[in-house]
Each structure stands twice: as C-alpha cells, then as structure tokens.
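Me: Please walk me through the fold of this chain. Keep it brisk.

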Amino acid sequence: MSQVRLKGRIARAGLWAVLLLLLPPVPAEAQEARRRWERMGQMRREKFDVVLPEVMRENGIDMWITVRKEGLDDPLTPDLGVGYVNPIGYYIFTDRGGDRIERAALGISGYLLAGSGAYDIVTGNFDLRAFVAERDPERIGLNMGENIGAADGLSYTGYHHLAETLGEPWASRFVSAEKLVSDFRARRVASEIAGFAEAGEISRELAERALSNEIITPGVTSLKDVAWWLMDRLLERGLGSSFGFPSIYITGPGGGRGGVERPHHPGRRRDDDRLGRLSPQLLH
C-alpha cells in the first residue's frame, strides 16, 4: 500500500473520530426507541391479560393461530409483537381454562419479542402438530376474513401448510377468527387510551403550527407545502400516519375544497382532514 493511500485512510479515520467526539452523548435514560418499545409491551401484556380471554370465549375459539412467513408479515404483527422468522413462525393463543390465555411464539425469535414478557413460550424448537395435539382444541381460529382486511392475513399457501402439517382431526376444526380479531383490536385497555391521548396531543400541536402564519404565507404557500411540512415533522419524530399523505384543504365563500397545489389566500379557512389520525402504533 502506498504512503499516500495510507495517509488518506488515516486522515479519514481521524475525521470520523472528530465527528464522533462532536456528537452529543445520549444518556441511557433518554432512549426514545426503548421507551416506545416498553410502552407497546405494556399495551400488549394488558391486552393479552384483559381482552384476549374475553374475546376468545365470546367467539367460541379455543385456539387462535396467526401465521408469519419471512418477508410476509400478517397485518396483526405490530399488535402481537415483532420478531425474526425463518422461514415460518406462529403466534398461538390457547384457552386452557382459568383466567389467562396461554401465549406461545413458535419459530419467532428476537429480543424485542422475548424481552417484552408478553409470551409464556418463545422457542424455535417445536413440533407444531404435537403442540396442537397436546392441547386438542375444538375450534381453531385462523386469520381469514371476508370484510376486515386486518383479519385476513392468512395466505392461501399458509392455509394449506397448516392443514397439511396438522392433519386431521384438527384441520376440520379451522374457523374464521375475523370477529375475534375485530373485538381484540377494538377493545382498549388503559395503556392504549393513554397512548391515544399522547397521539392526539401531538396531532393538536402539529396542526396548530401547520395551520398558522408560522408556516403559511398567504398567496404563496400551497396546501402541498403544508402537507410536506407535516410529513417532515412526523419523520423527525419517527411517527407515521394512518392515512399516509396529510389531506389538507381550504374552504371559502365559494365552498368546495382546494387541491394540493392550490395556494392559501386570506379569509379562507384551512382544514386538516387526516392529521389527527396518527397511527396508534406511534409508540411502536
């Protein structure tokens, strides 16, 4: 290696060292990602403790199976917990009596899942048929839904994989878990309500700024400009919106809504149709 190339590498290494030294230290107690993960874990545990026994028994389902494949997440993955899958895994909830539902993550691993404390069993060493046979459920709920997209995450090949792996008599006991999924997601626990309150306050704060003269110059600023400003603020906070691009519109004496390219003019009211609908997964 030539001395010129070696000196260049040393110089670059020195530059990175200086830049790292200039970065402000991040105290362990100020880790936002960890705070959000802990909040989501609390919500998940409360939902499993309080809501899951109710909805499984009300819908007459003894075992609920959600299938995940590598590269193909079920819509309920954020609700049940993110983990590594290779090549296929299962969230299995079984009513074995008592006031608690057994929770198992088979073939789904990783600290974010195992460390949340939401599951009784987290393992990659299992025999799916033996696991189900030991519990012998009468009705096995699968994520198949005609009306609710979030309850329709089981693919055609995933269904046949389960049917072939489990065989009879369990394959004949498959039923739709659509109503169970709807009930599970719709019923809120205290920690979720607190999360929605936080999302609502963030929405109010951003809307107040977005629809003010801090951001808007009458006759110059377009609705699209406001929407992109909001998108930047969400990006800064690591948040998402349930409806993607914010829907900003204006109304005036002539009525109607303006398109995203339309500039704002004095005397017209500005509205934000979707900013207040921040995703409930903002704490994820």
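Me: Among contacts between residues at least 6 apart in sequence, what share joins residues at least 24 apart?
Reply: This is a predicted model, where local features need pLDDT of at least 70, side-chain atom pairs count only at pLDDT 80 or more, and totals for chains, interfaces and linings use all residues. Residues are numbered from 1 along each chain as its sequence is written, and side-chain values use heavy atoms, with hydrogens and water left out. A contact means heavy atoms within 4.5 Å. The share is 65%.

Me: What part of the chain is buried?
Reply: Buried means under 20% relative accessible area (1.4 Å probe, protein chains only). The chain has 284 residues. The buried part is 40%.

Me: What is the strand order in the open sheet?
Reply: Strands are DSSP runs of E, at least two residues, numbered from the N terminus. Two strands pair if DSSP finds at least two bridges between them. The sheet has six strands with mixed pairing. Its order is β4-β3-β2-β1-β5-β6.

Me: Which strands stand at the edges?
Reply: Each edge strand has a single partner, so one side of each is left without a neighbour in the sheet. The two are β4 (121–123) and β6 (174–176).

Me: Which residue in β4 is the bridge partner of A105?
Reply: β3 (residues 102–109) pairs with β4 in the parallel sense, over three bridges. The bridge partner of A105 is V122.

Me: At what angle does α5 run to β3?
Reply: Helix α5 (residues 128–135) lies across β1, β2, β3, β4 and β5. Axes are lines fitted to C-alpha atoms, for helices over the stretch in contact, and angles run from 0 to 180 degrees between N-to-C directions. The angle to β3 is about 175°.

Terms used: Buried < 20%, exposed > 50% of the residue type's maximum accessible area, 1.4 Å probe, protein only. Helix = DSSP H or I, 4+ residues; strand = E, 2+ residues; numbered from the N terminus.
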